[in-house]
Amino acid sequence: MSQAKLQAPRGTQDVLPEQATARAGLEATARSILEGAGYARIETPTFEATELFSRGVGASTDIVQKEMYTFTDAGGRSLTLRPEGTAPVCRAYAEHGMHKLPQPVKLWYLSSFFRYERAQAGRFRQFWQVGAEAIGSDDPAVDAESIVLLHTILEELGVQGLQLRIGSLGGAAARTAYRERLQAHLRTHEGQLSPEVAARIDLNPLRAFDSDDAGTQSVMVGAPRLLDELAPQDAEHFAQVRALLDAADVAHVVDPTLVRGLDYYTRTLFEFTSDALGAQSAVAGGGRYDGLVEQLGGPATPGMGWAAGVERTLLAATPRPEPGPVVDLFVAFEGSAWLEVAFTLVNHARRAGKHAQMELAGRSLKGQLKQADRVGARFVAVLREDHSVLRDRESGDETPVRGDADAIVAAVQRGMSQGAL
Ligand code: HAM
C-alpha cells in the first residue's frame, strides 16, 4: 500500500541547497561587520523555561499570549521554543556573570526562532534571525553604533528601498505616566475602537497605534504622543542618538507612533522596512531594553540590540551571481576492479587540498563523463583496463596514466600540478 507523501509543517520551509549560498553570504557579511566591531558569537538553547518569555517579552504581548510553542517535557517542566533572542541572551549574560567583563558586552547570533503566526509570504512559524545585543552601557553611542552596523549589513547585502523609522519610549516612569494618559484617551473614545483594541486598553494600550482598523486609527490621530512627553534626560538621549546617525549619514524618519510587539523596550526603538517586500515589510527591528536583565533576576543593566529576519532580508536583497563550487578532479572508472584505485585517488587528492569527486552511482563510462561535465570538473581521471588517462578539460590535453595504484595516484597528481593546479 502506498503511503501518503509527508510535507514540512505549515509555516516552515526547507532551506534547499540553491538557497544555501545566499544564506552563507548573509552570515559571512554579518560576521565580518559585527566581529570587526567587537561582537562575539553566542548561541543559546532552542528551548527555554517558558517563564523567561512570559517575564522577559511580556505577558500581555501577542507573542506570549498567542504565538508560543509551549510544551511540558517528560520531567513536568514547561518549556517554550524560543520566539526571539533578546531574553535568552540577557538570561545568559546574567547566568554567566558577564557583568564582570568589560562593558558593554557585545554578542551576536544567527539562530532559528518559532512563532505560531498566520503563515504568509515573508512570515513563517520557524524563521531565522541574525541579531546583535550590546549589554552594559546606556551611552547613546551604543544605540547609534548598533543601528549603523545593521544599516551597513543591510546595505552591503543589497537590501532595496530601505527606510529607517525611529522613536523613543522614554524611561519607565515617563512610560507609566504616559500609559495612563493614553488609556484615558482610549476610554473616552472606546465606542470608536475595534473590539480587539478596546479589550486591551488595560493590558496593552500602546498597540492601538499599530491597529489597521479605520475607527481606531481616527482615534489615534488625536492621541497623546509619548515623544512629546519625554523626560529631559530621555529627550537628550534621543537627540544624541539622532545626531550620531546624522553624523554617520544614516537617513531616518522620526515616527512617534512606532510600537513594537515586545514589552521590554525603553528609550530608543527602531525598525527598518524595505519597499521590496509586501505586507510584511519589516526587515529588522530593535531598541534599548534597560530593565530586562534585572527583570530576569540579574543586576540592573542597560542593553541595546536588534534582529534582522534572514528570510525577509534575502527576499529584499538583490540576488548576486554566486560562483559555483570548484571541482578540481572527477574520477571516472570502468569495471569494479578499479573501485579501490578510484577511491584511493580521490582521498589522496582531497588530502592534498583538492576538491575531488568520484563516481558513486554505477553510471556507464559515458554517463560518468557527462557527470564530470555537469559538476564542471577541471580534470577527469578515467581509469580502465586498456588505457587510463588524465584529461584536462580546459586544454583538452590527455595524459596516459599507467602502473599500479600508487603510480596512478602519483601520475594524476603530477598531471594536475603541471596543468597549474
Ligand atoms: P522582532 O521585530 O519581533 O524583534 O523581529 C525582528 C525581525 O525578525 C523582524 O523585523 C522580521 O524581519 C523577522 N521576523 C519576526 N517574525 C517573523 C516571522 N514570523 N517570519 C519571518 N520573519 C520574522 C525581535 O525579535 C527582537 N528580539 C529584536 C531585538 C533584539 N530587540 C532588541 N534586541
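**Salt bridges and strands**

Trainee: What is the relative accessible area of glutamate 311, a buried residue?

Mentor: This is a predicted model in which local features need pLDDT of at least 70 and side-chain atom pairs count only at pLDDT 80 or more, while totals for chains, interfaces and linings use all residues. Residues are numbered from 1 along each chain as its sequence is written, and side-chain values use heavy atoms, leaving out hydrogens and water. Buried means under 20% relative accessible area, exposed over 50% and partly exposed in between (1.4 Å probe, protein chains only). Glutamate 311 is buried, because its relative accessible area is 9%.

Trainee: Which residue forms a salt bridge with glutamate 311?

Mentor: A salt bridge puts a side-chain nitrogen of Lys or Arg within 4 Å of a carboxyl oxygen of Asp or Glu. Here the N to O distance is 3.2 Å, and the partner counts as buried at 17% relative accessibility. The salt-bridge partner is arginine 23.

Trainee: How many residues apart are arginine 23 and glutamate 311?

Mentor: Helices (H or I, at least four residues) and strands (E, at least two) are DSSP runs, numbered from the N terminus. Arginine 23 belongs to helix H1 and glutamate 311 to helix H11. The pair links distant parts of the chain, and the two are apart by 288 residues.

Trainee: Which residue in E11 is the bridge partner of arginine 288?

Mentor: Two strands pair if DSSP finds at least two bridges between them. E10 and E11 run antiparallel, joined by 5 bridges. In E11, arginine 288 has as its partner methionine 304.
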